[in-house]
Amino acid sequence: MNYTLYIGNKNYSTWSMRPWIVMKYFDIPFNEKLVKFDSFDAGSLFKTTLSSISKYGTVPILMDDDFVITDSLAICEYLAEKHPDLALWPTDIKRRAMARSLVAKMHSGFPAIRNYLPMNIEAEFPEVGQIILRDHSEVKNEIMLLDDLLSSLLISNTSNQNYLFGDFSIADGFYAPMCLRLKNYHIKTSSILADYIDTICHTKGIKDWISEALKEQYFVVMDEPYRLHR
Ligand SMILES: N[C@@H](CCC(=O)N[C@@H](CS)C(=O)NCC(=O)O)C(=O)O
């Protein structure tokens, strides 16, 4: 087993962040290949670099020797099966089903939060957060649902670990980028969720992703068209 994980810019790429932090948290060794975003046009450097590896044209991509897996969730499921000793999912069957439901919700849901509050780890946007909440009730509604889903799990947690299902799992890996969005746009949450966001920001692996995102010395014009420098 020889893993290589292809990812996008750490500052922006929520999808890349998920398997990366899961692998770091569980000490699964891998080589990292960062393919910088320039644009997502067919002729972009990003797309042409990926085209020799996968037809899907997105990151993350995991290679296990020469076997290619695309999609953050498929990658995490593959890793969970390859490393059954590591409990990447909760060990109890019902809690595992709950964790998978929650991850499925993140994988295909929360479109308004994704659209209006893109992850940008090195920036703080308190005013933008307020304007988005004022003008887009769909964002507000999704944040209320998110808070409700996560805090009801956290409040019933009897473990001494402050993660969604007690010990850190793939579910936390999937919700970590959401925590960083809420933090950077200064979105007010319940105190239970605020504590969880703090735990996430200080979690092994996630701390490294954040500090490496802060060190990236470039910004992406398609993401921040009005920016002049970083
Ligand atoms: N469902 C995919 C989504 C991956 C995805 O959209 N990645 C973005 C970067 S964060 C990408 O590569 N976008 C290129 C494009 O949309 O053409 C996953 O979970 O891996």
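This is a predicted model: local features need pLDDT of at least 70, side-chain atom pairs count only at pLDDT 80 or more; totals for chains, interfaces and linings use all residues.

Reader: How many aromatic pairs does a search of the whole structure find?

Author: The search covers the whole structure, and rings pair if their centres lie within 6.5 Å. The number of aromatic pairs found is 13.

Reader: Is the pair of Tyr25 and Phe168 stacked or edge-to-face?

Author: The centres of Tyr25 and Phe168 are 4.1 Å apart, with 25 degrees between the planes. Planes under 30 degrees apart count as one class and those over 60 as another. The pair of Tyr25 and Phe168 is therefore stacked.

Reader: How many residues apart are Tyr25 and Phe168, and which parts of the chain do they link?

Author: Tyr25 belongs to helix H1 (residues 14-25), whereas Phe168 is in the loop between helix H7 (137-155) and helix H8 (170-184). The pair thus links distant parts of the chain, and the separation is 143 residues.

Reader: Is Phe168 buried or exposed?

Author: The relative accessible area of Phe168 is 2%. Because buried means under 20%, Phe168 is buried.

Reader: Is the pair of Phe37 and Phe46 stacked or edge-to-face?

Author: The ring centres of Phe37 and Phe46 are 5.2 Å apart, and their planes meet at 75 degrees. Phe37 is buried at 13% relative accessibility, and Phe46 is buried at 2%. Since planes over 60 degrees apart fall in that class, the pair of Phe37 and Phe46 is edge-to-face.

Reader: Which residue lies over the face of Trp15?

Author: A charge sits over a ring if CZ of Arg is within 6 Å of the ring centre and within 35 degrees of the ring normal. The distance from the ring centre of Trp15 is 4.1 Å, and the residue is Arg18.

Reader: Which strands stand at the edges of the sheet, and why is one side of each left without a neighbour?

Author: Four strands form an open sheet with mixed pairing, in the order E2-E1-E3-E4. Each edge strand has a single partner strand, so one of its sides has no neighbour in the sheet. The edge strands are E2 (31-34) and E4 (67-70).

Reader: Which residue in E2 is the bridge partner of Leu5?

Author: Strand E1 (residues 3-7) and E2 run parallel and are joined by four bridges. In E2, the partner of Leu5 is Glu32.

Reader: What angle does the direction of H1 make with that of E1?

Author: H1 packs on the sheet and touches E1, E2 and strand E3 (61-64). Its direction makes an angle with that of E1 of about 145 degrees.

Notes. Residues are numbered from 1 along each chain as its sequence is written. Side-chain values use heavy atoms; hydrogens and water are left out. Rings of Phe, Tyr and Trp (its six-membered ring) pair if their centres lie within 6.5 Å; planes under 30 degrees apart count as stacked, over 60 as edge-to-face and the rest as tilted. Helices (H or I, at least four residues) and strands (E, at least two) are DSSP runs, numbered from the N terminus. Buried means under 20% relative accessible area, exposed over 50%, partly exposed in between (1.4 Å probe, protein chains only). Two strands pair if DSSP finds at least two bridges between them. Contact means heavy atoms within 4.5 Å. Axes are lines fitted to C-alpha atoms, for helices over the stretch in contact, and angles run from 0 to 180 degrees between N-to-C directions.
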